[in-house]
Amino acid sequence: MLLYHGSNSIINKPMLVEQTRGLDFGSGFYLTTSEEQAARFSRIVFKRKNAGSAIVNVYDFDMSAALKTLAIRKFTYADIEWLRYVVQNRLKTYQEDGCDLVIGAVANDTVMPTIQAHLNGFINEEATLITLKVSKLVDQICLKTEKAFSLLKFINSYETIGNEASANG
């Protein structure tokens, strides 16, 4: 299965990097099946870091092997379990459970204001979930262990600026 990672650099050998900020699914390497989401995120990272270029990295992931060999946590919907998991990871209070791979919706720039309002106590879980139901949620796949990384193969990368793209690799 093709997966994409938006960055400000080419990442042909992804690795686990400890995160200093709370992310949706905790520390890990984040990918998506949405090339558009990866391109959008690459531009965000490029602007935030003001270095490199807006790069989409393309990988092949052996999902059938993953389903047979990895401990996977999958959230089919942005439900109460997903919300609590994301909130705990964002607050860095979640106790790791030994998963190799986590799959679920991304709390991206369109969803984060709702999540932030919940984190700040302005809306409860029920209101948060109702608001999220009308949002278009994109998926994310978080590789959390070397075992998961062993199933990921770099294919190529390309630079994206607006609607333009040029191949690298």
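What share of the 169 residues of the protein count as buried? In this predicted model, the figure is 47%.

The protein contains six helices and eight strands. Read from the N terminus, these elements follow the order β-β-α-β-α-β-α-β-α-α-β-α-β-β. Contacts between residues at least 6 apart in sequence were also considered, and 81% of them join residues at least 24 apart.

The overall dimensions were examined next. Along the principal axes, the C-alpha atoms occupy a box of roughly 45 × 40 × 30 Å. Charged side chains number 18 positive and 18 negative, and the centres of the two sets lie 2 Å apart.

Most residues other than glycine have a negative phi. Asparagine 50, although not a glycine, has a positive phi of about 50 degrees. This asparagine 50 is placed in the loop between helix H1 (35-49) and strand S3 (55-61). Asparagine 50 counts as exposed because its relative accessibility is 66%, and exposed residues are those over 50%. Lysine 92, likewise a residue other than glycine, has a positive phi, near 60 degrees. The loop that holds lysine 92 lies between helix H3 (80-90) and strand S5 (101-105).

Definitions and conventions:
Residues are numbered from 1 along each chain as its sequence is written. This is a predicted model: local features need pLDDT of at least 70, side-chain atom pairs count only at pLDDT 80 or more; totals for chains, interfaces and linings use all residues. Side-chain values use heavy atoms; hydrogens and water are left out. Helices (H or I, at least four residues) and strands (E, at least two) are DSSP runs, numbered from the N terminus. Buried means under 20% relative accessible area, exposed over 50%, partly exposed in between (1.4 Å probe, protein chains only). Contact means heavy atoms within 4.5 Å. Lys and Arg count as positive and Asp and Glu as negative; His and the chain ends are not counted. The place of a charge is taken as NZ of Lys, CZ of Arg, CG of Asp or CD of Glu.
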